[in-house]
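Hello,

Here is the model we spoke about. Please look it over; my notes follow.

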Amino acid sequence: MKRFFARVLNARQLDNFLPIVAALAAFVIGAGMLLLMGTNPLTAYRAMFSGAFGNQNALAETIVKAVPLLLIGLGICISFRAKVMNIGAEGQMIVGGLISVAFGLAVDWPGWLALPLGLLIGFLGGAAWGAIPGILKAYFNVNEILSTVMMNAIAVQLMNYLLGGPLMDPQQAQALGKLPETARLNEAYHLARLLPPTRLHAGVLIALALSFVVYVLLFHTTLGYRIRAVGFNPFASRYGGIRVPQQVVIALLLSGAFAGLAGAIQIYGLNYRMITDGSPTGFTGGAGFNGIVTALFGGLHPLGAIPASFFFGALLVGANAMQRVTQVPSSFVTVLNGMVVIFVVSAAIWKELRERQRRMAFATETSRLAELASVSETPPQG
Amino acid sequence: MSQSQATLPLRQKIEHLEMRGITKIFPGVVANDRVDFDVREGEVHALLGENGAGKSTLMKILYGLYEPNEGEIRINGQPVRIRSPKDAIALGIGMIHQHFMLVDTLTVAENIALGLPSSRRFITDLDVVARRTLELAETYGLHVDPEAYIWQLAVGQRQRVEILKALYRGADLFILDEPTAVLTPQEVDEFMGTMRQMTRERHSIIFITHKLHEVIATCDRVTVLRNGRRVASRPVDGCTKLDLARLMVGHDIVLPKITSAPKQGEVRLQLQEVHALSERGTLALRGVNLQVRAGEIVGVAGVSGNGQSELAEVITGLRRVTQGKIFVNGQETTGKPPADLLQLGMAYIPEERMRDGIISDFTVSENVILRNHNHAPYARRGFLLHRIIAEITDRLIRLFDIRTPSRLTPAGNLSGGNIQKVVLARELSRTPKVLIAAQPTRGVDIGAIEFIHKNLLDQREAGAAILLISEDLDEVLSLSDRVAVMYEGRIMDILDAKDAERGKIGLLMAGVRPE
């Protein structure tokens, strides 16, 4: 039995399933917690499953939730590949949303012009918000984890101020119970709904197309090559003629841009206005953090981020359904999500350790292989 | 040996260790094929072979890192099973890895105590450890301050800490994995002294190396491995370097030398009063003046740490020049980044090849394009041309005899010599105008040394201006047209090859100007 476990644990194939195994493990522990709370885990998980996939509307909602996760995950793929830890997608998404909604409310142009421009402006707004910590890191050696988190706090305050003040819906401004939200965008600016009456919108097509764009960017362009090179080994990159600080800025800037676009799409595709509940994640729904997990779950590969975002979208939607059906406290849903995140991230770290160990063991073997391959070239020994 | 030993199980001293018929099979490869090996008390037994010959595998088996498919290990005639390094240590086997296993931010004593139970249960006994460490250091001539932090120590001192660590754990038998690869010539001499002291104290040593002269100088017996098999095992007495080289490689090796007179062309590289700081902020270069012409090799000799590394970095744009000027092809390049120097035809074989030379997570082909990835023929309009990259890489793999399973293998998986060939392929395929080669053969096997030397000479014939920085005096003497000797950040003197005799250079290296 011990041998069997050892073999399973050492199998190389396990690496590919590790995130899935980790997620399952979280569910198993979650089941134990449900039992302790006196809820049948099977009922709860069944509710969760059907809430995420049970009918057309459930599936559409899952995909709608997946869109910002995928977009942010794509950005995270870029920055993490450069070993730039962008924890600031929340703030970048907020700023992208703010600037794009301000634009959409300010102009009165035809939809074919205003919609793409609005999305582009969100993209650029996120890029600018990401570029700031990028520049601080590249040229002043400021830790990007700290600076991006602080930029999040600034963005949240900026949002709370703007949505409660200058950008507030004029109707709201006159009402008694003031809600922090903007006016509704012009009908002509809305992204198409793909499957009415569900809320599935064309943003999913944009996100999917961008997954391929990021894949090409990372693996088929010189810029992607430089970003990956800098992430793996900044010393050799510098010697290779790559301007390392520049790549750091670009990586954070692009990462922020995708988060900014996610914010704009949330507005132009889903809510048609910017709305928050006053909490820091009121607008983003935590997508800026969940997007990081999505990217890690997808192995920091832009195509891997597609199924990963779908999985986390399902988790979020399904958890809400579970809560409705089984009356488990809403905090359990948060705990379950948290556990999935911790397990998945731990699995990613474990996977890296395994790879490193394997490489050390493998190095001898590989050089031997090569040596054998060249035996025929060695002249016969006397 | 008092307190520290009390925790170890009672055991016999290793008087004779045998490995019999060891076979280790990795998927598709036989790494060790029925290898016999033995070592006796008080003996230094060299394990010689090219990279990939199976030396490391055999020693990893002995140290419990791998389990053999066949064969047995006996200590004093008794069969033993070694399933982990813990077993090996308990039996009295210690291994000093090439890459040290020390915690930089802890002191010497703390590193030695790491993982050992304290003699005072819950309270650390670092003072006891420090005292005992000093005793051991005294006995074996391994002078090091137990209170010093590892990061403060030079490479040679760190190695002493590793040896002390194993001694402290009561090792009888030491496996030393290429211990001299990281040492300066002076440190090597000291290290040889330590080894002699250890054998005098009846310790046994297995010395893994591919440096022939060290085998001749220090070892009692030698076992040669080739392609996973034992090809010879004999006393070192009466062996010549040539015999050993032949056994190791399977055919004769003659290291190439310069024969033709230099076809000296125009000055390609010129340094005027160049000053620069070291990593620690001290003045590493104090006014270097140097010229290298097309078609000549200028060798830079010197004791390590006299500014050679900084010299290479300053020329290649990796380190800031604080004062003075550098010209490449007649153009001033002081303060220019590496990217600009690349455009002027500068090639560089860096000293720290794992750090500066390659990106070990990148494939061989991704490493081949590192310096030119943004230019034809590898890229067009910002897109990588994977098909052309593959073709060129495959050609370079053949041309430079890079032994790799494929161009898509991560470069970090290759052996040291082959990693250096990847660097060489990348730098030399660009037909450089100026080539800076820093320690180009450090830590690579003799087959690769021959290959690298030949390539340097070919580049000289092709008209490159070459600056060869090396701590291996033989290498400098056999390849250089002129020899510059560095001492404390200055060039003491530049000698023509015909006047460059060892004694004279030795004095200059020590900072003494002969009358």
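How many salt bridges does the structure hold over all chains? The total is 35, where a salt bridge is a side-chain nitrogen of Lys or Arg within 4 Å of a carboxyl oxygen of Asp or Glu.

Ground rules before the details. This is a predicted model, so local features need pLDDT of at least 70 and side-chain atom pairs count only at pLDDT 80 or more, while totals for chains, interfaces and linings use all residues. Residues are numbered from 1 along each chain as its sequence is written, chains are lettered from A and ligands numbered from 1 in the order in which they are written, and side-chain values use heavy atoms, with hydrogens and water left out.

Salt bridges

Arg221(B) pairs with Glu43(B), with the closest N and O atoms 2.6 Å apart. This pair links distant parts of the chain, 178 residues apart: Arg221(B) is in strand E9 (residues 221-226) of chain B, and Glu43(B) is in the loop between strands E2 (29-40) and E3 (44-48). Helices (H or I, at least four residues) and strands (E, at least two) are DSSP runs, numbered from the N terminus. Both Arg221(B) and Glu43(B) are buried. Buried means under 20% relative accessible area, exposed over 50%, and partly exposed in between (1.4 Å probe, protein chains only).

Asp104(B) and Arg158(B) form another bridge, at 3.7 Å between the closest N and O atoms. Asp104(B) is in the loop between strand E6 (93-96) and helix H4 (108-113) of chain B, and Arg158(B) is in helix H6 of chain B, 54 residues away. Asp104(B) counts as partly exposed because its relative accessibility is 37%. Arg158(B) is partly exposed too, at 21%.

Arg319(B) bridges to Glu313(B) at 2.8 Å between the closest N and O atoms. Arg319(B) is at 15% relative accessibility, so it counts as buried. Glu313(B), at 14%, also counts as buried.

There is a network as well: salt bridges link Glu18(B), Arg20(B), Glu72(B) and Arg74(B).

Cavities and pockets

The search ran on a 1 Å grid over the protein atoms alone. A cavity is a set of points where a 1.4 Å probe fits but cannot get out; a pocket is an open set with protein on both sides within 12 Å along at least five of seven lines; lining residues have an atom within 4 Å of a point. Grid points are joined across faces, edges and corners, and a volume is the space filled by probe spheres set on the points.

Five cavities reach 30 Å³ or more. Helix H6 (155-168) and helix H7 (185-200) of chain B are the elements that give two or more residues to its lining.

The second largest pocket holds about 1,200 Å³. Of its 43 lining residues, the closest to the centre are Lys211(B), His213(B), Asp472(B), Asp474(B) and Glu475(B). H7(B) supplies the largest share of the lining, five residues.

Helix H2 of chain B

Helix H2 (residues 55-62) of chain B is mostly covered, with six of its eight residues buried. Among them are Leu58(B), Met59(B) and Ile61(B). Just after H2(B), Gly64(B) takes a positive phi of about 85°.

Best wishes
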